[in-house]
Amino acid sequence: VFKALSEVGQASAPHGRLAISVLLFQDVALIPLLLLVPLLTGQGEGPDVMIYVWLALKSTVFVACVFLVRAALSRYIINQMIQLRSVELVALFAICLLGFTGLAAEGFGLPPAIGALAAGLMLSGQRLSHQADSVLLPFREMFSVVFFVTLGMLLQPFAFLTEPILLIVGFVAMIGLKTSAATIALRLTGLDWKSALGMGLGLSQLGEFSFLLLAKGMAEGLIDP
């Protein structure tokens, strides 16, 4: 969606910025959802109030750490990195930050992909991010291709024939629900109905991080294949 908005020159428009904000919020909202999955299995003792307090605390700490590290990068580290004038150090720093946030996410019981998202939020808009982009762009495109190809290989077209009604109804319901929710949310931010509906349709797709949530649900036995 971000790429599509950029291609038509709408990413910096008010409705485009709001749509991107919704996309980022969706990804961040995945953190408490993933942490909540083990509590839904029904195994062991039932969760009490303290379990949910701990869940909320972990989610809050992780998100707060992202903003604290971002502030530290902006105030102290980025300026020092720029003064070194080393392209290699910029690339090394970006990769180390990515690895660190992936390990941190794993420590919080989250997929490393959430750590990658956190690293992107930490570097986004920083003076260093443009230089890191230019250095790592070829690798980013390569990994994007690998990601979407492997995701596409999970598709089983003939499975549609086993449950056509369920899949059609589910698809239409998902598009309808997400479009409606996004349209209402964007309308509440002050957009007119036409712009809100247009961006709502753009946000109606299922985010790729949703597959992480589905995979965790399958691993915990909450849903079948």
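Visitor: In what order do the elements of the protein run from the N terminus on?
Guide: This is a predicted model, in which local features need pLDDT of at least 70 and side-chain atom pairs count only at pLDDT 80 or more, while totals for chains, interfaces and linings use all residues. Residues are numbered from 1 along each chain as its sequence is written, and side-chain values use heavy atoms, leaving out hydrogens and water. Helices (H or I, at least four residues) and strands (E, at least two) are DSSP runs, numbered from the N terminus. The protein has 10 helices and 0 strands, and its elements run α-α-α-α-α-α-α-α-α-α.

Visitor: What percentage of the 225 residues in the protein is buried?
Guide: A residue is buried under 20% relative accessible area, exposed over 50% and partly exposed in between, using a 1.4 Å probe and protein chains only. Of the 225 residues in the protein, the buried share is 25%.

Visitor: How far does helix H2 reach from its first C-alpha to its last?
Guide: The expected span of a helix is 1.5 Å times one less than its number of residues. Helix H2 (residues 14-36) has 23 residues, for which 33 Å is expected. Its reach is close to that value, at 34 Å.

Visitor: Which helices do the buried residues of H2 pack against?
Guide: The buried residues of H2 include Gly16, Leu23, Asp27 and Leu35. Contact means heavy atoms within 4.5 Å. The partners of these buried residues are helix H1 (2-7), H3, H5, H8, H9 and helix H10 (210-219).

Visitor: Which residues form the aromatic pair?
Guide: Rings of Phe, Tyr and Trp (its six-membered ring) pair if their centres lie within 6.5 Å; planes under 30 degrees apart are stacked, over 60 edge-to-face, and the rest tilted. A search of the whole structure finds 1 aromatic pair. It is edge-to-face, with 5.4 Å centre to centre and 70 degrees between the planes, and its members are Phe62 and Phe108.

Visitor: How many residues apart are Phe62 and Phe108?
Guide: Phe62 lies in helix H3 (residues 49-84), and Phe108 in the loop between helix H4 (87-107) and helix H5 (112-123). The pair links distant parts of the chain, and the separation in residues is 46.

Visitor: Why does Phe62 count as buried?
Guide: The reason lies in the relative accessibility of Phe62. Phe62 counts as buried because that value is 6%.

Visitor: What is the nearest side chain of opposite charge to Lys178?
Guide: Lys178 is in helix H8 (residues 164-188). Lys and Arg count as positive and Asp and Glu as negative, with His and the chain ends not counted; a salt bridge is a side-chain nitrogen of Lys or Arg within 4 Å of a carboxyl oxygen of Asp or Glu. Lys178 is buried yet has no salt bridge. At 8.4 Å away, the nearest side chain of opposite charge is Asp27.
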